[in-house]
Amino acid sequence: MGLLEIANLIQERYPDQVIKIVTCRGQAAVILKKDKILEICRWLHDDPSLQFNHLADLCGVDYLDKCDVRFEVVYNLYSIPNKKRIRLRAQVPEDDCQIDSVTPIWLGANWHERECYDLFGIKFNGHPDLRRILLPEDWEGHPLRKDYPLDGGGKNWRGYDEVIEKAKRLSKYDFYNKYEDPTKKTGLKDVSK
Amino acid sequence: MSANKPDLKLVKGNKGSEGQELFTIAMGPQHPATHGVLKLDLELDGETIVKCKPTVGFLHRGVEKLAESMTYAQALPLTDRLDYIASMANNVAYSIAVETLLGIEAPMRAKYIRTIVMEMARLTGHLLWLATHALDIGAMTVFLYCFREREDLLDMFEEISGARLTTTYTCVGGVRQDVTAHFLETLYAFTEEFPSRVKEYETLIDQNRIWLERTKDIGVITAEQAVNLGLTGPSLRGSGVDYDVRKHMPYDAYPYVDFEVPIGSKGDVYDRYRCRMEEFLQSNSIIRQCIEQMPPGPIRAEDAPDLVMEYNPPKKVTADSTLTSGVIKLIDDREHYIEGDVYVAAEVPKGELGFYFVSDGHGRPYRMHIRSPSYIHIGALPYLCEGYMVADVIANIGSLDVVLGECDR
Amino acid sequence: MKIKYKTKKGLIERILLLEILKGMALTLRRMFSRSVTVQYPKEKKKLFPGFRGRHALIRDPKTGKAKCVACMRCASVCPSQCISIRYSQDEETKARKVTSYEIDALRCIYCGYCEEVCPVNAVVLTEEYEYSDYVREPLYFDMNRLLKNWDDFVAKNKIDPRSYINPFLRPRGASTGELPAGKRIPVPSDWTLEGQVVWKNGKAVPAKEALKS
Amino acid sequence: MEILWILIKILIVFGVVMLHVAYATYFERKVIGHMQVRMGPMRVGPHGLLQPLADGIKLFFKEDVIPTPADKKVFYAAPLICLISAVSSLAVIPFFEGFAIANINIGLLYIFAFSSLASYGVVLSGWSSNSKYSFLGGLRSTAQVISYEIAMGLSLVGVMMMAGSLNLTEIVHAQMNSSFKVFLIPQFLGFFVFVIAMLAETNRTPFDLPEAETELVAGYFTEYSGMRFALFFLAEYIGMIIMSCLGVICFLGGWDGPFRVPGLPFFWFVLKVYLFIFFYYWVRATLPRYRYDQLMALGWKVLIPLALFNILLTGTIKTIFG
């Protein structure tokens, strides 16, 4: 099977779903609409001649101003018995930021999708447990989006004030106090007096 | 043990199978056996685990976001901090991925050197795995025996790369330093000694009845399930699936060396343990073959991009045979920074480490996604643990060989 | 390759605890073997050349000052952006003069990129690793401090600053033609591309010799 | 006068045992260190010889942290229960001919009684800490100690039958008068069960699950610190010494040896006890840890039947051969 064969198979079967087939450095990717992604994936997984049983990677990409459709969810599939690789790129527009979850097909997609939700804010319909995973539950925003402020938006993280306060309170137990001459080894000293 | 697995469907809410309240215990993030900052919320019925809920992210440093504002060369030291116990392997995996994206081919000698260091990293990774796995199950002498050998390997890393853990040894298009004669000789002597050391570890645990009771039929996962969960590396091969990136998508010098991929049958902790023990010997033989076959030649591709510059990749310079004539041609026919995306994987000690790059034609990755094996493995942990006992959670974490630096990225 | 192993034991093995006795014999034997511990502050390990330790600016033996020409390559390649350089420029000659060179050692990740890209071998990571402190200030190296680091390093290791080489100042195996002029320093023959080693008949030999025979 | 003599004896025994406990920790770290190709303590004094002293001082002066939700009174009492029950057992042990603080007729039973009492300290400490890890550790320890107590008691019944007495001095005398000089040879089955039960009874590897550091952090004494932690530590090591003494007295012929060492009547006794203690360390350096249910299975399904069989065998042989 050649480079584009599987991509062409997908196009034959779902001509209305496939937007474009792209290649790069010997790897083929199929750009898809997001509507039938679950069906296509199930077919790729179950079809005895394809058997894409290994979901190598699932991630989101934010093409902020580069594409018409802002987000893409990328599925890197691998067929262990056939030793074949294909990449699906499902386009997810910003105003309808959701896509069907593939967890019914690959259990391993669970955490990939949670990560994608966490960092891009793409919702996965039918996901059993869609919560934030790498960031704290109460985090605001989705950091891997290209419009996420790099300086943290001028806000301190939650608990910052408490930590600073505690550090000040405990600083009297420091061996060296930064309010004093650092070269003078004072040992335990109470600066509050 | 697996015979009396409780029927999980009967368990509802906070009640055990017989209606009694469940005992919730938070294992981690500060716990001696969770290998870092993994947190497991366990719900226990007696000592049997009814529900296991892993929480990760305590070590999240946003490597993917950081890489977006760095050049390809600058992002390389970040990979040291993924799987920090075998950082050489990450360096190599990253370099291969970037080379594929930029369309560069590393010279032959560099490929051999990289294969050597990758297998050395596999040894260091597996040695630390065996050390901690055995320590978790209580055999603490194995821990120090493993560290004895690991120390030797780290010394060799120091010799060629200048650092023991955060090596930053490879670069896009080759490696940064050539190997020395002393390095090759030490390494070769090490490979001669190493199989006897592996035998030493095996004497302590391999046939030990306590070890067998703790590992046999624990955390069983079938081949189909394992593939479905996305397990890779020895954790997958323990279940009997023949999937190794080194064989399936050969990179570097792997096509030129002769090695076997050990495969288990049952998919329990003991099989995963055996798989890695066999890999010790296979890696050892790969290193030997690579040393013997290593050709002379340059160690860095001629057209490798500069470390500093980002938008203007250096052009290949050819001079006339006589430099004095001053005729210097700049060849500008290369297309390094194209628009496109690639996914390239390499087999690191933990499994398949994949890099997915999206390039927008500039010298910085538009998007870098790291497919880290540990992340997926921890996601699969509940499927391995539920129905077993508290002590088996430890054995299972150990057998999956997770590193939280890689998981949380 | 399917792994074959036998874990079922015979009756005699089971009763006599043979495998446990073997393990115990091993630990007993190891009790009398030499321990591998290095008693650190008393004994120190010999570091290999090129260990990436404390930063220093090499003092030029001719001028007694730093060699830095303020090309900013180190500052721009630094992944953790821990180097900050300020320079003044001569209006006529366009020659740059460094006015301040600062490295925040607490920010540094010791990748060695700065010394690798430096065209004149001005900055180096020395093989000095014992410089921890209780406060942050001494670990913010300014230019004088960096030059002092170099002097300390030279004095402590009794090296000749003229012939000092470090694998990052001139990478092993790099071909001389590709290097900038400032990096073409004399090195041992096995560092050059010509003196490269390959494995032959159970030992590492220079590639030239291996090809000859 | 009698009382004064007993007091002096108590002081001597207590002092000597405490010294040995301190150096047993040093010995352990050295032995295990060398087995693991490292050196063990080397810093305090020549070859780290003053290490136990430094440890003791450190533990004594450390801050005593008590968790807020802990049940304070029980929390205070638990380590004392452990220590007192361990120390009390020393009273009946004959260190050499005619030297025991109390030479009572039910010495063996007395030791059993007190070592069972120690498990109260453990379970109370686990419960009063109000920590889940401690609680699990306490429960595990109690179950373990209770079930292995049975195996251990049964393994010594053979010795009792051969000696015809529960008095420890009498047991040693019986061995001196027997044809083998030690009960180890006729009672090898009992000895085997005893050694395993001894490891379990003192919560040592491979049966150290109550304090399995990789599972339960430190088991029942997770929340203890400073001097209270040290009391548990002492209790554990005194427990080891008691069990070793018991093994030496019941199976290895007590203070009796191939020849008399003049001036040192306890020479052989101490030597044998240290052999036992070395064995403890040796096992710790080699073996992994059992799981909770496997440990119980071993105790109830293997050791207790073996011990019962041993009793049957001893009884039969004794009946036939008189």
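Not counting residues up to four places away in sequence, Ala97(B) touches Val342(B), Val344(B), Phe355(B) and Phe357(B). Two residues are in contact if their C-beta atoms, placed from the backbone, lie within 7 Å. This is a predicted model: local features need pLDDT of at least 70, side-chain atom pairs count only at pLDDT 80 or more, and totals for chains, interfaces and linings use all residues. Residues are numbered from 1 along each chain as its sequence is written, while chains are lettered from A and ligands numbered from 1 in the order in which they are written.

**Nonpolar cores**

- Ala97(B) is among the residues that touch the most other members of the largest nonpolar core, which has 276 residues. Others in that group include Val73(A), Met88(B) and Cys82(D).
- A core here is a set of buried Ala, Val, Leu, Ile, Met, Phe, Trp, Tyr and Cys residues joined through C-beta atoms within 7 Å.
- Buried means that 20 or more other C-beta atoms lie within 10 Å of a residue's own; exposed means 12 or fewer, and partly exposed lies in between, with C-beta atoms placed from the backbone.

**Interfaces**

- Between them, 42 residues of chain C are in contact with 44 residues of chain B. H2(C) gives the largest share of the chain C side, six residues.
- That side of chain C divides into 24 nonpolar, nine polar and nine charged residues. Ala, Val, Leu, Ile, Met, Phe, Trp, Tyr, Cys and Pro count as nonpolar; Asp, Glu, Lys and Arg as charged; the others, Gly among them, as polar.
- Chain D meets chain C through 10 residues, in contact with 12 residues of chain C. H10(D) gives the most to the chain D side, with three residues.
- Chains A and D do not touch; their nearest C-alpha atoms are 15 Å apart.

**Chain C**

- Chain C has six helices and seven strands. Helices (H or I, at least four residues) and strands (E, at least two) are DSSP runs, numbered from the N terminus.
- The radius of gyration of chain C is 26 Å, well over the 17 Å that the globule rule gives for 213 residues, so chain C is more spread out than a compact globule. The radius is taken over C-alpha atoms, and the rule is 2.2 Å times the number of residues to the power 0.38.
- The C-alpha trace of chain C spans about 95 × 55 × 35 Å along its principal axes.
- Buried residues make up 29% of chain C.
- S2(C) and S3(C) run antiparallel, joined by seven bridges. Strands pair if DSSP finds at least two bridges between them.
- Ser84(C) has Glu102(C) as its bridge partner in S3(C).
- Six residues lie between the two strands of this hairpin, and Lys94(C) in the turn has a positive phi of about 60°.

**Chain A sheet**

- Five strands of chain A form an open, mixed sheet in the order S1-S2-S5-S4-S3. S1 and S3 are the edge strands.
- S2(A) and S5(A) pair in the parallel sense over five bridges. Lys33(A) stands opposite Gln91(A) in S5(A).
- H1(A) lies across S1, S2 and S5 of chain A, at about 175° to S1(A). Axes are lines fitted to C-alpha atoms, for helices over the stretch in contact, and angles run from 0 to 180 degrees between N-to-C directions.
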